[in-house]
Every structure is written in C-alpha cells, then in structure tokens.
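Me: Could you take me through this model, starting with how far to trust it? I will jump between topics as we go.

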Amino acid sequence: MKAPTHGGRAKCLQRLVRLELPVPRTVALSFDAVHRIASGDLPDMNGLLSSFDEDALLCVRPSSEDPDWGGPSAILNIGMNDARYVALSDEIGHEAAAALYLRFVQAYAIHVARLDPDQFDEIDETGQAGLSAALGAYEEEAEEPFPQDPAVQLCEVLRSMARAWEGTTARLLRQAKGAPVDAGLGLVVQEMALGIGRGECGSGVLHLVNTETGQPQLTGRYLSQSQGRDALRQRHRSLYLERDPRGPSLQDKAPEAFEQLIEYAHLMRRRLREEMQIEFTIRGGAVHILDGVRVERSSRAALRIAVRMAEDGIISEQEAVMRIEPRAISELLHRQVAPNAQRVVIGRGIAASPGAATGRIVFSSAEAQASAARGEACILVRRETSPEDIRGMHAAVGVLTERGGMTSHAAVIGRGLGLPCVVGAARMNFEIHKKTLVGERGRVFREGDVITLDGTSGAVLEGSPETVEAALDDAFQTLMGWADAARDIDIRANADTPADANTARRFSAQGIGLCRTEHMFFDAERITPMREMIFADTPEDRQAALAVLLPMQRADFTELFRIMEGLPVCIRLFDPPLHEFLPQDRAGLRDLAEALDLPVSDVTRRVESLAEYNPMLGLRGVRLGITVPEIYDMQARAIFEATLDASREGAPVVPEIMLPLVSARREVELVRTRIDAVAAAVRAERGRSFTYRLGVMAETPRACLRADEIAPHCQFLSFGTNDLTQMTYGLSRDDAGRFMSDYVQQGVFSEDPFHVLDVDGVGELVATGAHRARATTPGITLSICGEHGGNPESIAFCRDVGMDYVSCSPFRVPVARLAAAHIALRETGVQRPARL
C-alpha cells in the first residue's frame, strides 16, 4: 500500500477534481514540505501565489492522514488587506467586506501572531467600526501594523500551522488518539469561493444520510447571504422541500443549484465509495464544492451505511464487514448513554460489561431482589461479588464493585447476563455497612439514590442521563451473516442458564462451550440439600442429599439441550471449593444449624474445618470429584438422563462433559472410569443407548505441559485461560484491578492479561499444549473457554495455533463472530479502507 504523502483532505479534493466537480483552485503541500516549513525552509511564496488569480482570497486548512488526529485551525480570507477591502466594498458592500477583513484579522492575530485573544474576542462592534478596532488592537499588541502583503500573510500562516503541528502539546494529544509519533501533516491552500454577492448566494453543508440511524435522509444546513445596497443580510434557509418560516428553501430559490448539489452528493457516494458531507458555496446561483468529508456517524448508523452500500453494489460484502469494528458491535447489543447526554462522573472503574443501566443503589442481593419485586430498577453495589450474589445480580440492572478485574466474578457473570458492570472502582469509598457510597470527589450517595453505570466506558454517573436503546435490526443480521460466511473458526457461548442459552441461540452461537454447573446450586430450594451433602459424614448420607438435587439438575440439562437442539453443549462438572456454599455470618450459621437440626457450635466448627488458606488452589475441580466422587456421579447421571429425555423429542444429543482443573493423566483415568460406569447404569435402566464426549479443561500450567499424556484419554481439550493466566502470573484475577492500571500505564504489562491474552507467556503454554495434544491425538478438538474467547486480538492467536472454536459470554458472541471474520478476510487481502 502506498504511504500517504498529503493527507486525507488533499486526497479527497484531488478525487473531486478528477470527478470534474466545481472545486476552487487548490494547491496541496505534502508532509515533507510542511515539515521543512516548520524547520524554517519556506517555499517560494510568490511562486505559490502565482497558481491563483491575483486578487483571490485564500484559505489554508490542515490535511492529516486521519481526521480524528486533528490539526491546527483553518485560516480564511488570506490576502485580505486595505486595498482588497476597498475593491470588495465596491463589489459586495462595505459591511460584507468589513466582516471578511475583521474575521481574518482576528484569526491571524490569535492563531498566527499568537496575540492575547481577549483583546480581539472582546471587540463588540461589527462592520467598519469593528474592523478599525481590530486593526488598532493588532498594531498595539504586535507593535507593528497588520501585514498587507499577501505573500507575507501566507508565509506566516503556513509557518504557524506547521509549527503548531510539531509542537509537544499537539504531538501528545494526537498520540493519545492513536497517531504515530512521526505522523505527518499536509496543508491545503485553496482559493476562496465567497458565497456573497448579487443573486442567490450563501454557504452550507449537505449529506444524504441520517447520522444517528444510517437511514437515507437528505440533511444539511444553508446560510443565505444576500447583498443589498450597502448591507449584508444573513438568513438561515432550509435546504429543500418543506416551507421554512424564515424564508423560502434553497430548492425554491435556486432549484438548478439544489439539483446539482444532490447530483454531486450521489456521485461522490458512488465514486468515493463512502457517505460524504459536501461543504459548498453558491454565488449568483453557481455551485462551488469546497470540500468533501466522511459523514460522522454513530455505531448503528455506520453498520446500516455499510450494509446499504454493499446492497447498492458500491462496495463488496466483505468490505462492508471490514468497515465495522468488532468492539463497536457491543454498542448495538445494549442500551447506551446517549452521545449528547449530560454526564456528571462521580467515579471510574474497569469497563467490565458494556451497556448503560440506571437504578437505585442497593447494597445486598436480598435488597436487589426486594427492589425487583417492587418493580424498581436497582444497581447492586458490593465490595466484590461471590456465587451467592447470583440471584441479586439477576434482580439488578447493573453491578458496581470496589474490587475485581476483567475476569472477576462480577465481570464474568455480568457479561454472561448482558448486565452493565463496572468493577475495580477503588477510588470510590464503599461503606457497605453504613449503606453509603462516596464518590471520588467526596460526594456521598446513600441507599435509594439514583446512579447510572456506563459499562462501556467504566464511568459511574450521577442521576439518570439520557440513553439510547439497543439496535438489532435487519442490517445487523445481514452484516453478521456476511461475517459468518467469511470466518473459519467456530464461535460458541459460555452459558449457565436457560436464559443464557436463549441469548446464545439468538446471537447465532454454534453451541455452548462452557456451562458452569455450580451456578445452578445457589437457588433457595437447592442450597439447603447442597449444604446437607457438604455436612454428610458418609457416602450414603451424601448420596441421599444429592438425590434431592438430581431431578433439579436433570431438568436444568434437559432444558439446555432442548434450547440448543442440534448444537453441542459442553458441561463443566462441579468446580468451586465447597466453602463457597456455606454461610460466613452469624445469622447464616444459625439458619443452617436450624435447617440441619444441629447446634450452632457444631455447625460453626464444621464450617471452620472446611476453610482453606488458599481455596482456589485447594480442594476444588477434579480434586473434589476424586475425593468426594458422589457429586460427579450425580451430575453425570443427570446429564445422561437429560440426554435421553431431550433426544426423545428432538435430534439426538451428544453431551460433552468437561473435567475442571486437571493437571495429571491419572485424574482423567479415575473420573472417566466412574462416569463410564454411570453411563452403563443409565443405559441399562432406560434400555436405550447414547454416546458422550469427555474432555479436559486445561487451566493449569502442568496440564498444558503434559497435554501429550492427557489427550489420548479424552476427545477434547479446552483451555481455561482465566485460571491459566492467574496461575501463570501468580496473580489473583479478583485483586488485580487494584494495581493493573498502574502496571499498564508504566509499561510493566502492555495490556491487562485478563483482558487480552498474554501471547508471550500464557500463549506459549497454550500453544505448547495444543501442539503436544495434536502430536499424540491428531483428531482431538481444541478450544478456549475463558473470557479471552471474546477478545478480537486473542481470537487471532487462537486461530493461529489451530483452535477449532472459541467460547465467550453470550453477549460477546457477535463481537467474536465479526472479529473472526476480520482475521480471515485480512489473510485473503481484504483490508479496511483508509478514512477519508
């Protein structure tokens, strides 16, 4: 691809000239030329001016590679001096000429001569009086008269704009917007086509699309500037059709010019392959095109524009897919704070789950459920959430936590539920017992006060700013269909509940890649038998308690299978340490003692005996399945019985059973033997056959390193990158948010490794595990099921190491589908076009 030399504005004007549009005479200065000007090497000004008419007024505008990088302010009316003022006064009137001269003097004084802007902003007079005041102020401040030579004026304007671009402040500002350190600036010198004179004159802008919705809509504004006798009369007029109380429309006053503008706009759309905004002037009914810029647009408008242009045959379907950034899709799936809404920020944290939610503050799950029962939207505020907060999270419209990172409990569950979530807001003061939340600037909010979470930006806002709703229309479905046709890696969803599964199906996930069964045990009717099982002293007592849970688990799995009919469902067996299901406060211990008919002291001692120094590295996952095998026996039976029940009414189900936290081959052998025995028993009892697939969740470094030994004993290997990252770094994912931003800012980590997969460290373990597994078991299915599965950069890595699919939260499935399409299309040479 040819390196840019003159910037986007110059390139666009060159295209407009080639289209034979009425563009005023223009000279473009390259990046190199502007850099030399900043260094003091000036071009021949008289030679440059010779490109234009002798009495022409000029403007200079910036032309950076990307318009988002900004640039110095444009300077208009260069060449205006006392002599030109006299000549223009005879042509367009004294007041109009004085207005042009005054505007130039003010801009030159502030932006070129760098004089005190207050001296010029405070000039209240207009016309000749205002001009005299501005010229006098310039001479007093600059200690010399205002320059009259157009060559001097142009020289100083070019020098000022070039130096402004290369200044330290400007460089830092554009680097913050993603510009490279050596980003160049071009300058465009253009003859001005004044929209002032006799007949219909004016200036305006026009485009063909609604910038919020992307729907076709002729839009713009027009300022009519009619000159009569010695006065300039300015009147806003509508562009077209509807009568305007302020005067006739442009369509009425200059129908030929109006039709020309529409024709030019359609020509630019077709030939420049973009929705463009035309900047134009009209003088005596004649149209002049000053500039064409890409129409600014919302995310939903960008998607609809891309789809319409592909359907109109202007761009290909593949290019339409490439024009939409995967992360922008998130804005379409959730309600968002309106772009123009007033935002009073009271705190900031990590943007863990996108979307906007407004509600009253509550500080416990019980209060969230009570609020939902009253029909009141609430925001659940916690230091950090735990599995027992699941019901409260379901009841709330958003979650705010003091601790946590991108893979903390609140973040993972929030994304799964499509719940706006801000975590790690450590600069706010969470006084849970006092039921107060203190903002970063000391503002105190109490239970019942209304706040808004912006999970897209990580901001916590006061009150209820305006929001815009999600937009999943036909254009969205069309674009995602094109993306699916382009990608070559499957996308599944992490789904724990029927609601999650329905969301996954709605977003066209290709199955469930991770169902966390432990989240099914926290309902009120299930937690008591679960606790009875934990307190049981013998296998028989444990089996009796689990027998109560069996039909509930069977019903859970049957519904999941029916929702995902025809698609694979991967169920991870019980993973967390048992202490998570036990109460920690005195009231909870009393309730448990009453339920179990035991003394509180006995219950307290038993709870304390189950405590571990580091439970996330202790008795959990497959270790629990081996030492307390009755849990996995019950779950396996529930899965197999649900398989037969669901298969009776629909397509045959082939469940996938995944063992968590495996680190040794023998663990797989032991658990598989028991699961096979359960399968045989169910086949015998039901008199029907079925098959299942057994897999391992590789989330310990040892599992990756010994994957060649583990792979022959299973059909699939799914890398759990949340825990694998945690164990590789020796870093708690729930506590990392306290210092992660400092680490990223100081360059210790380039990105939060819980947000973007660490390709160098964690990625090496994953690649090693994938290579070694395939070396001994070529047909084994490989995937990742951590939250990295929804991250575009991480998906590229997974594809490179040969993953069959990635799995992520349901609401990240569309993002992953589009990201996977981008990766595949880039490999075939389809690139996202440069912005005009």
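Reply: A definition comes before anything else: pLDDT is the predictor's confidence in each residue, from 0 to 100. This is a predicted model, so local features need pLDDT of at least 70 and side-chain atom pairs count only at pLDDT 80 or more, while totals for chains, interfaces and linings use all residues. Residues are numbered from 1 along each chain as its sequence is written, and side-chain values use heavy atoms, with hydrogens and water left out.

Me: ok, what pLDDT does the protein average?
Reply: The average is 89, and 96% of the residues score at least 70.

Me: where is the pLDDT below 50?
Reply: One such stretch is residues 227-237, which has 36 contacts (heavy atoms within 4.5 Å) beyond near neighbours in sequence. Residues 241-245 are also below 50, with six contacts counted beyond near neighbours. Where pLDDT is low, the predicted coordinates should not be read in detail.

Me: switching topic, how many salt bridges does the structure hold?
Reply: There are 51, where a salt bridge is a side-chain nitrogen of Lys or Arg within 4 Å of a carboxyl oxygen of Asp or Glu. One of them joins the side chains of Arg 61 and Glu 279, at 3.6 Å from N to O.

Me: what does that pair tie together?
Reply: Arg 61 is in strand β2 (residues 58-64) and Glu 279 is in strand β8 (residues 276-283), so the bridge links parts that are 218 residues apart in sequence.

Me: last one, Arg 446: what is it in contact with?
Reply: Arg 446, which lies in strand β19 (residues 444-446), is in contact with Ile 361, Lys 435 and Thr 436, leaving aside neighbours within four places in sequence.

Terms used:
Helices (H or I, at least four residues) and strands (E, at least two) are DSSP runs, numbered from the N terminus.
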